[in-house]
Amino acid sequence: MEPAEDRVSAAAVREPRWVRWTLIAVAFLFLAVFLFVPLVSVFVEAFRKGVGLYLAALVEPDALAAVRLTLLVAAVAVPLNVVFGLAAAWAIAKFQFRGRSLLITLIDLPFAVSPVIAGMIFILLFGAQGWLGPWLQEHGVRLVFAVPGIALATTFVTFPFVARELIPLMMEQGPEEEEAAIVLGANGWQTFRRVTLPNIRWGLLYGVILCNARAMGEFGAVSVVSGHIRGETNTMPLHIEILYNEYNFAAAFAVASLLTFLALITLAAKSVVEHRRPVLALEPVPEGTR
Amino acid sequence: MSIEVRGLTKRFGNFVALDNVNLEVPSGELVALLGPSGGGKTTLLRIIAGLETPDTGAILFHGEDATERQARDRQVGFVFQHYALFRHMSVFENVAFGLRVRPRRARAGDAEIKQRVMELLALVQLDFLADRLPSQLSGGQRQRVALARALAVKPKVLLLDEPFGALDAKVRKELRRWLRRLHDEVHVTSVFVTHDQEEAMEVADRVVIINEGRIEQEGTPQQVYETPASPFVYGFLGDVNLFHGRVHRGRMQIGETELEVPEFAEADDQSAVAYVRTHEIDVAPASNGHLAIEGVIRHLRFHGASVLLELDRLADGQVMEAEIPRARFDELGLRKGQHVFLSPRSVRVFPTRKPSA
């Protein structure tokens with residue numbers, strides 16, 4: 001039935017050929033100008049002064065430190081947000097409770113708020129003059145202008161990705177399969193591992209990929225809390241900015257090309273995962289009661 | 001294993017889903033919880049399964065209090081309306097699930113699990129589909145897999161929540177006969193929820209009629225059909241005509257017509273409703289001197305072996321229905337617009353609630 005309806009609606013909205021071609025051309029032109037040309041220019045700029053300089057810019061100690069820090073921050077932020085995303089999505093999708101819609105709204109907060117403000121909040125809370133700053137100082141904990149602060153800010157900025165991906169998926173699937181598992185004698189962990197997780201694995205992976213890409217590329221919030229200490233609290237985006245401000249374009253673009261490369265890998269992984277997402281609606285076996 | 005429900009009450013916010021429900025299901029019986037949707041029957045079933053906790057009251061399995069027992073420890077089989085099969089597992093793995101999640105000590109070996117699963121799939125006649133995914137099966141097949149999965153853990157009690165509700169009419173009919181046969185074979189105490197009275201009547205040993213969180217009546221299908229305990233049950237089981245009137249000293253006055261109601265010999269001009277099933281009405285072309293209700297045939301519907309007459313009552317235009325055998329219809333030669341006289345063969349009168357008492 002549905003395909004027939006689709007055909008009908010497709011015919012109903014069919015535009016003249018020139019309209020279609022114009023729309024397609026505009027879309028491609030836009031992509032070319034705003035995405036493809038910059039993408040190419042990043043690599044062109046990176047290699048402008050030769051491969052030698054390019055490699056030198058990448059193995060320079062500050063650059064390596066920035067790469068290491070970026071990986072570390074992602075390694076902290078992504079698992080945290082997987083745990084949080086799973087917990088939040090589970091709670092929202094499977095239970096009815098007071099404050100449920102508030103929770104849904106709050107999950108979107110990092111999307112709604114400018115990352116710079118997110119960074120400022122952490123300074124305000126944990127900075128030397130912040131609410132908790134003196135207490136932290138007394139106990140010798142350094143959050144702001146240090147690695148923990150950067151990890152914290154990144155986690156905050158990236159926390160909607162996994163949850164956002166899982167909530168609609170889990171809501172659509174409903175609690176019935178879990179209930180069936182429990183009635184069959186499965187405990188909580190077995191239910192999660194054997195029923196819930198396989199059902200959401202592709203959505204989860206998709207969320208992780210997006211979350212990771214954002215965690216590595218985050219600039220605003222990290223810029224505020226990092227303090228820009230070279231070789232210590234500079235992530236890759238911050239390192240690139242510093243190099244650029246020093247008119248060291250070749251080095252800046254060399255490191256940028258690494259981040260860009262990461263983005264391309266993310267895109268590839270994302271499209272692979274999208275393909276793997278189960279579309280299992282195969283032909284049903286005819287009703288047979290032999 | 002017998003099930004006993006004692007004083008069960010459950011509220012969802014302001015909505016009372018179950019209101020002091022008491023019920024006993026003897027061991028080995030197949031009982032239907034029948035009622036309109038939203039009446040609380042699914043809630044009752046889910047509380048028995050442990051998927052929902054009651055506000056007050058107790059559930060007893062085999063005389064033992066199981067109210068506090070976790071769902072996973074209750075040893076019940078549960079069949080969901082929408083199957084709830086594990087979509088990423090093959091039919092085989094679905095059925096094997098309950099055996100595989102057992103604690104290591106109690107878990108059977110792979111060979112034993114395989115044998116048990118194949119036995120069950122043979123029982124539900126689906127052994128040839130063991131490797132398929134649920135999405136590759138038809139609705140009826142899915143529900144049979146769900147049943148095999150529930151039976152795999154050898155449940156003491158089998159609970160089915162509108163098991164055939166999502167299937168089309170023909171498959172539904174086939175499956176419910178099949179469920180009846182299956183129950184006669186495995187004899188596990190079973191409770192199934194349905195809003196389809198035909199289904200309940202056909203399949204169950206006993207029918208429990210639930211409405212607005214209360215049990216209206218319980219008994220064998222024959223008992224509840226022949227002696228409905230309340231106007232609700234009367235209306236719910238089969239098509240009925242309602243006649244409003246007044247009872248006084250053993251007689252009921254409905255417009256110009258009078259009926260004898262000996263059970264209301266004491267009544268003193270009380271308002272009441274008479275319930276008459278559509279097939280318990282005689283139709284005659286002329287008044288036979290008995291107390292009959294005059295009507296005009298408005299519409300004829302042919303239902304195979306019987307004919308359904310839609311009539312307007314002459315006195316007040318009320319719509320009435322009468323179902324008569326095809327042979328009788330042909331004999332009378334009835335046609336649209338004809339005046340006929342209806343005499344109920346069987347009437348059940350319920351007093352309507354007095355405004356003050």
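Trainee: What makes α4(B) largely enclosed by the rest of the structure?

Mentor: First, a word on the model: it's predicted, so local features need pLDDT of at least 70, side-chain atom pairs count only at pLDDT 80 or more, and totals for chains, interfaces and linings use all residues. Residues are numbered from 1 along each chain as its sequence is written, while chains are lettered from A and ligands numbered from 1 in the order in which they are written. Now, a residue is buried if 20 or more other C-beta atoms, placed from the backbone, lie within 10 Å of its own. In α4(B), 13 of the 14 residues are buried, so the helix is largely enclosed.

Trainee: How do you know that the span of helix α4 (residues 139-152) of chain B agrees with its 14 residues?

Mentor: The expected span is 1.5 Å times one less than the number of residues. That should give 20 Å, and the end C-alpha atoms are 20 Å apart, so it agrees. Just after α4(B), B:Lys154 takes a positive phi of about 50°.

Trainee: Over in chain A, why are α4(A) and α12(A) called oblique to each other?

Mentor: Angles under 35 degrees count as roughly parallel, over 145 as roughly antiparallel, 65 to 115 as roughly perpendicular and the rest as oblique. The axes of α4 (residues 61-94) and α12 (residues 188-217) of chain A cross at roughly 140° and come within 9 Å, so the two helices are oblique.

Trainee: Which residues of α4(A) meet α12(A)?

Mentor: Among them are A:Thr70, A:Val73 and A:Gly85, with A:Gly207 and A:Met216 among their partners in α12(A); contact means C-beta atoms, placed from the backbone, within 7 Å.

Terms used: Axes are lines fitted to C-alpha atoms, for helices over the stretch in contact, and angles run from 0 to 180 degrees between N-to-C directions. Helices (H or I, at least four residues) and strands (E, at least two) are DSSP runs, numbered from the N terminus. Two residues are in contact if their C-beta atoms, placed from the backbone, lie within 7 Å. A residue is buried if 20 or more other C-beta atoms lie within 10 Å of its own, exposed if 12 or fewer, and partly exposed in between; C-beta atoms are placed from the backbone.
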